[in-house]
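Hello,

Here is the structure I said I would pass on. Please open it first, then read my notes below.

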Amino acid sequence: MIIPSSILTLLVGIGITLVSLWYGQNHNLLPVAASAEAAEVDGLFNLMITISFGLVLLVEGVLLVSLIKFRRQKDDTTDAAPIHGNIPLEIVWTAIPAVIVLGIGIYSFEIYNNMGGLDPMASGQHSMHAHGKIKGSAIAAPLIDGQQPPEFTQIALGIGASPAQEGKVAAVNVDVTGLQFAWIFNYKETGITSGELHVPVGQEVQLNMTAQDVIHAFWIPQLRLKQDTIPGRITELRFTPSKVGTYPVVCAELCGGYHGAMRSQMIVDTPEDYAAWVAENAVASATNLQQAVAINPAELPDGEFLAPYANEMGINPNVIAQIHHQ
Ligand SMILES: [Cu+2]
């Protein structure tokens, strides 16, 4: 029995669709998703994988079938049949990609908006007042002939509050500075400065980011978020971590010789662990600060000033204390 070609085409079409739909959900190409926002990005990625996998099967399948079915027969020396343009075919293969591209465009725009990409607070004067001045070489750059640096009025860029969170301040606010070749995290409320980003699970986090030297890019693959950090500008990134764990912070902008080493980590803590970390580090930075202010070695008596060095060299401190000045 010979199956009519229209039915065969239909069956192949259904087969390709089913395989693509399955692969689109089971490709395992992405790392674990650790933020509330990640699910939406994954949805878009899965859709694109589904469509492109279907297209690969279709195009490569047609190619393979043609290679076999239309191969040159033995003793056949005739030319192939000349084929000229086919208007309906051309309309179809122009219209289908156009619809796909337009659909993906609208869908991705919707996700960008849901994530807070269109937050006006993240891109206006308002946020600059909220963040205050930022540190960095960019401010100092145009100091010519004693001129004052220009007023810091650049806009903030990035992912701000989602429409649902509009106008609300995030639970945790961290200033992030990218510099060759490290990330520095500054918690304004508690005064903590850290080389690692600690955040509590389930609470909204806002990063206010800038760079000290060149452009860097702050990227946490598990959040599905990436944002450039730019000297003299503030960029925002707002997200809600959803899974306890340790995730890499990567610089995704070739920023210099040791760019590859510019890595840190984000630790998503339970609320209790986070509170403990804050308590521990707030105390640590407070004592460090006091010591830094209080100790002026020049004012110390010789014995005390030399004690740490003597200790290191294995000299009895009492000996030094007994030395008299000439
Ligand atoms: Cu970098």
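This is a predicted model: local features need pLDDT of at least 70, side-chain atom pairs count only at pLDDT 80 or more; totals for chains, interfaces and linings use all residues.

How many bridges join strand β6 to strand β9, and in which direction do the two strands run? There are five, and the strands run antiparallel. Strand β6 covers residues 205-211, and strand β9 covers residues 235-239.

Now the metal site. Which atoms coordinate the copper ion? They are ND1 of His216, SG of Cys251, SG of Cys255 and SD of Met262, at 2.1 to 2.4 Å. The angles among these four donor atoms are 92 to 122 degrees, and the site is tetrahedral. Along the chain, the donors follow the spacing H-x34-C-x3-C-x6-M. Cysteine 251 and methionine 262 link distant parts of the chain, 11 residues apart. Cysteine 251 lies in strand β10 (residues 245-251). Methionine 262 lies in the loop between β10 and β11 (263-269).

Are these two residues buried or exposed? Cysteine 251 counts as buried because its relative accessibility is 4%, and the cut-off for buried is under 20%. Methionine 262 is buried too, with a relative accessible area of 1%.

Best wishes

How values were computed:
Residues are numbered from 1 along each chain as its sequence is written. Side-chain values use heavy atoms; hydrogens and water are left out. Donors are N, O and S atoms within 2.8 Å of the metal (3.2 Å for Na, K and Ca); water is not among the atoms, so sites may look incomplete. Four donors count as tetrahedral if all angles lie between 85 and 135 degrees; four count as square planar and six as octahedral if opposite donors are over 155 degrees apart and all others between 65 and 115; anything else is irregular. Helices (H or I, at least four residues) and strands (E, at least two) are DSSP runs, numbered from the N terminus. Buried means under 20% relative accessible area, exposed over 50%, partly exposed in between (1.4 Å probe, protein chains only). Two strands pair if DSSP finds at least two bridges between them.
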